[in-house]
Every structure is written in structure tokens, then in C-alpha cells.
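The following exercises concern a single protein model.

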Amino acid sequence: MAAALALSACGGGDGKSGEDDKIAGADGGGSSAAPEPGASPEAERPAIKLPTDMKNVFEGGGTGDPVAEAVLRDSEGRINSLDEAIHTRSLERPAFGFYNTGDAARGAAVWVQGFYDDKITWTGTVRYYDRKVTVEGKKKDKATLSYCADESKAFNKDLKSGKVSDAVDGSGDSLVAYTTRLVKNDKGVWQTTDVYSKRGTSQCQ
């Protein structure tokens, strides 16, 4: 992945951004959380379609904990919604506002806009791994999700010429560590509220 595309998406503390170091996204798969007895039906997840040259591989999951699996599922949907916005050249797709809120939504909008301004998209494969969920709150309605992304096989692509960027020199530059904060809304959706990222981190070796 080309480091030149790293865009600062929002202000805040050290390393905080909407998606400042990520190029690619994820497919919206994953396991659904089992509904609690007497709970209202969950909101239907928006359909998201991505081109075949945007391939994302998610490792892990299948934790056996329905709450953690629901967090993973909706986090994948969030990343996927950003990819859809890049691909369709529109921030008005239903999934974007469905999965993103607060600082995460504002930062992601700036980050995606960078693709529009530079007249590029992305192509290739991103691998997401070492995903860890910590559920918080008495109602189990808050969570922290950390994970790593290997972007060594994802590349910027010029929309007009179709030219694909060169690989990044040094494997460390293609690794990004993420920590995200999520809150479960009244429709049962785990929305991401904050995203922190760090490129070239040793914890993702």
C-alpha cells in the first residue's frame, strides 16, 4: 500500500484519526449476536457491494461469545462502508451513517474525501488479524476493539489512467495497528465512535 495516501482525518490525541493510515476495507460478513430474551428485533444491515478487485481477509472471529462476535460483525461492516464510499464516490450510501458516528464518522468522511480529491481508489488485498474485543459497561453496550492490518498487497489506483502504485518499501510501513471504540445503539447496532491508528508498529509483526 502506498504511504502517500495516509491522510489526517480528525484532531484529537496522539495517533487519533478517522482512518488516517488505512487504505482498504473489509467484507461485511461475520456472525450475528443472539438476541436477548424480550429484546427488540435488530435493525437490518444495509447491503454493501464492492468491486472484485477490493479483497479483504478477516482472520479470527468465532469466539463463542455472541456479543464479541456482534462487535466484530459490525466493525467489518463499518470498514466495508468506507470502501463502498470510496468505490461509489459517495458518502451518502446508507451503510456509512449506519456504522459510523461521532468523531469516527467525521474523520472517516475527511479521509474518504481525500480519495475523491486525488482521483484515486484502491485495489488488492488487505489482511486483518489479531482482532481482540473487550466488552464494557453494565449493559454490555460499549466495547473496545483492537486489530492489525497488513496492507502490503493493497495499492492506490488512478481512476483515469488505471495505473497502480508501487509497493511500499519496507514491510513495517504496510502494517497498521488500530484501536476502535464502539457503542451499541438502541437498534442493536455496534457503531464505531472513535478510531486510533499507528502505522509501522512492532505490535503487528
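**Exercise 1. How many residues does helix α1 have, and how far does α1 reach from its first C-alpha to its last?**

The model is predicted, so local features need pLDDT of at least 70 and side-chain atom pairs count only at pLDDT 80 or more, while totals for chains, interfaces and linings use all residues. Residues are numbered from 1 along each chain as its sequence is written, and side-chain values use heavy atoms, with hydrogens and water left out.

Step 1. Helices (H or I, at least four residues) and strands (E, at least two) are DSSP runs, numbered from the N terminus. Helix α1 covers residues 66-88 and therefore has 23 residues.

Step 2. The expected span is 1.5 Å times one less than the number of residues.

Step 3. After α1 comes Arg89, which has a positive phi, near 60°.

**Exercise 2. Determine which cysteines form a disulfide, and state its handedness.**

Step 1. A disulfide is a pair of cysteine sulfur atoms within 2.5 Å. The whole structure contains 1 disulfide: the sulfur atoms of Cys148 and Cys204 lie 2.1 Å apart.

Step 2. The torsion about the S-S bond is about -80°, so the disulfide is left-handed.

Step 3. Buried means under 20% relative accessible area, exposed over 50%, and partly exposed in between (1.4 Å probe, protein chains only). Cys148, at 2%, is buried, and Cys204 is buried at 1%.

**Exercise 3. Classify the ring pair of Phe58 and Tyr128, then that of Trp111 and Phe115.**

Step 1. Rings of Phe, Tyr and Trp (its six-membered ring) pair if their centres lie within 6.5 Å; planes under 30 degrees apart count as stacked, over 60 as edge-to-face and the rest as tilted. The count is 5 aromatic pairs.

Step 2. Phe58 and Tyr128 have ring centres 4.6 Å apart and planes at 10°, so they are stacked. Phe58 is in strand β1 (residues 54-58) and Tyr128 in strand β2 (residues 120-136), 70 residues apart.

Step 3. Trp111 and Phe115 have ring centres 5.0 Å apart and planes at 75°, so this pair is edge-to-face. Both residues lie in helix α3 (residues 102-118), 4 residues apart, or about one helical turn.

Step 4. Ring pairs join Phe58, Tyr128, Tyr147 and Tyr178 into a cluster.
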